[in-house]
2 protein chains.
Amino acid sequence: MKYGFSHRVRYMKSSAVRDILKVVNKGDVISFAGGMPDENLFPVDAIQGAFNKAITSGNKALQYGETEGVFELREQLADRMAKKGINRHPDNILVTSGSQQAIDLFARVMFNPGDIVLTENPTYLAAIQVFESYETNIVAVDSDDDGMIEEDLEEKIVRLKPKCIYVVPTYSNPGGKVWSLERRKTLLALAKKYHVVIFEDDPYGDIKFDKASSPPSIASMDDNKIVLYTSTFSKTVVPAMRIGWIVGPHQIIRIMAQAKQATDLHTNSISQHALIHLINDFDLDGHIQSLRNTYLERMHVMKDLLEQVKSDDLSYIVPKGGMFFWVNMPKFVNTGELLKTAVDEGVAFVPGAPFYVSNPQQNTMRLNFTNASPEQIKIGMERLVSVINANQYESVMQ
Amino acid sequence: MKYGFSHRVRYMKSSAVRDILKVVNKGDVISFAGGMPDENLFPVDAIQGAFNKAITSGNKALQYGETEGVFELREQLADRMAKKGINRHPDNILVTSGSQQAIDLFARVMFNPGDIVLTENPTYLAAIQVFESYETNIVAVDSDDDGMIEEDLEEKIVRLKPKCIYVVPTYSNPGGKVWSLERRKTLLALAKKYHVVIFEDDPYGDIKFDKASSPPSIASMDDNKIVLYTSTFSKTVVPAMRIGWIVGPHQIIRIMAQAKQATDLHTNSISQHALIHLINDFDLDGHIQSLRNTYLERMHVMKDLLEQVKSDDLSYIVPKGGMFFWVNMPKFVNTGELLKTAVDEGVAFVPGAPFYVSNPQQNTMRLNFTNASPEQIKIGMERLVSVINANQYESVMQ
């Protein structure tokens, strides 16, 4: 039988990353492809204790719950954000099934087909996926290492009248960038001037390597009028819980909660209650600090090996946080092609092209350094370096 | 600031049930409003054991997982469904964040604005909510106690060319009906004849009171061509886990999985792994049998008190399963108005009108008998009976 699907199905793509992960999980391939934390670093004992408390501390926790999220968790989130200068009432917070759902619910209540979204280029793959599924037009703003460039941003706001500007300003995925304070202020000022909502996606803000403080979030400079800010516990506690949150103007959050009601009623509340206990009983900030140290060390292992192939043609930024190296290869390289050879040699990465909104650069790749151990990173990078070198040799021979 | 929301926001409604629940949770009100199981009957020890195993049996369970759901759980679901005559491969199953998400994802991949969905009238409130949010036109098919009536169903299929027929044929919400075998066969035959997908929503099938077997599900009579079938563990284990599933033609399930990827990546996998252990280690079917016995007893307590107000003008079907009495009050009664008095007197129910797709009957109400204890049901129903009697007296005096 032929089924009549909705038009939006045409705009739905499977994530390149997740498709690669399916292949990579088989066999002896060392993967730098996913955006996954290292499961060996999960605080299993603390999680077990938290779930035990959640399950045995009264059966109400196992019953249907409020769509907005368990209030006590929202209070804790408000406290934690306040420490970072984002002062918001718990009523302005919606607990979501991962921050991915925050992006989806936002898109659901905001976008009509044809609406414009401005983004960086490259940007977070699964945000592109969501925006495209709502039939929006995604337009890239010219950016450099400090963030979006004012002139191009203003010109595009004025000309295109976007509904939203989506940014990952802190340890961006995939680029690993940190926006400067000045660029953050400029973005906020322009958004206010022209009444455009900013969606600040911050899954990696806690994974910082710099001793110096990173620039404040854009949300912390807003009076809760124009910035939606989302983050997650997937990178700092465990992904399997699927707990994220979003904070922003009450009017938008309220309507997103209504959309969530129809979508999945509410987020898994055993996990929400467990998280409440975890935050109360466990030194989560100490745990995050130890993750930073471990991931910083791994970043250095990867960097040391990348240096072997560094050249005028092969460049990367040394990340100040987050989970990724973003590598620009020589122009003639197609990393999609290179991946096949790499997987044969036992190493995987994500080709950069799918992260682009326009002008996909086929010579880019994203390398994750948090999921593999330092030993694996070393072996995997040696394999990758030899694949890169062989590729360069081949190209010279052609 | 004024925010520019999407058009679909206009079609999004908050659920009347959830809004009532918010009021009812305060104070000494006995509520027959929700569709909730009794939290005192939750198998807490077994759940605790299952979560402990899930959390300590390898950190992979705490990592990102497959969008389709943990394969072992899908195998168990296939086994459990096979026992009910629904023979499907695990690859045709998608694990969802509650069966609510199954409805939403289905709607997302199937419906364009203006598409027609045929339903019973009244039908499940939150399904109406979802279908309306995708700007479909929902059209009611004439039904009696045995299900949809063939002539009206065929006439509407031919004339309106619906994309889907949504039904809750077993212990329906809110009506408490069970479709006859004949009507199930007729629906399937017509759907096949005219190539219309059937969405069979079966959250209550396991809560059966009859010793005799209930008619087979519509899915069990299909060769996986035309029926999507969804169910949930919310009623039989705990709602807080938010685990449901949907099974159907591979082509549709595959595209729904793609939609889910963008929506929330995957369902909470700690809960999925816990459920695997629960199904392996715990006598879930024995637990379900004991729920049936307990809920049957409560249904009888409610029935005995309803009989005090039964008349030619006030009728109800004695449910053969599920969680609800559906009461038809005298024509002059507006149950929305009656609810205010009832809450003042310490008892709540859901007015029937929001469950209607068209021609809302203001004189109907839904009463849940699973959440309150027999003693509470008695007190609550005595309150409700006196509210109903006072209302009848008032109307006579007017």
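Chain A exposes about 14600 Å², and carbon and sulfur atoms supply 49% of that area (areas come from the Shrake-Rupley method with a 1.4 Å probe). The structure is a predicted model, in which local features need pLDDT of at least 70 and side-chain atom pairs count only at pLDDT 80 or more, while totals for chains, interfaces and linings use all residues. Residues are numbered from 1 along each chain as its sequence is written, chains are lettered from A in the order in which they are written, and side-chain values use heavy atoms, with hydrogens and water left out.

On the inside, 64% of the 398 residues in chain A are buried, which here means under 20% relative accessible area with a 1.4 Å probe, protein chains only. Chain A's secondary structure comes to twelve helices and 15 strands (DSSP runs: H or I of at least four residues for helices, E of at least two for strands). The radius of gyration of chain A is 21 Å, close to the 21 Å from the globule rule for 398 residues, so chain A is as compact as a globular protein of that length. That radius is taken over C-alpha atoms, and the rule is 2.2 Å times the number of residues to the power 0.38.

Notes
Buried means under 20% relative accessible area, exposed over 50%, partly exposed in between (1.4 Å probe, protein chains only).
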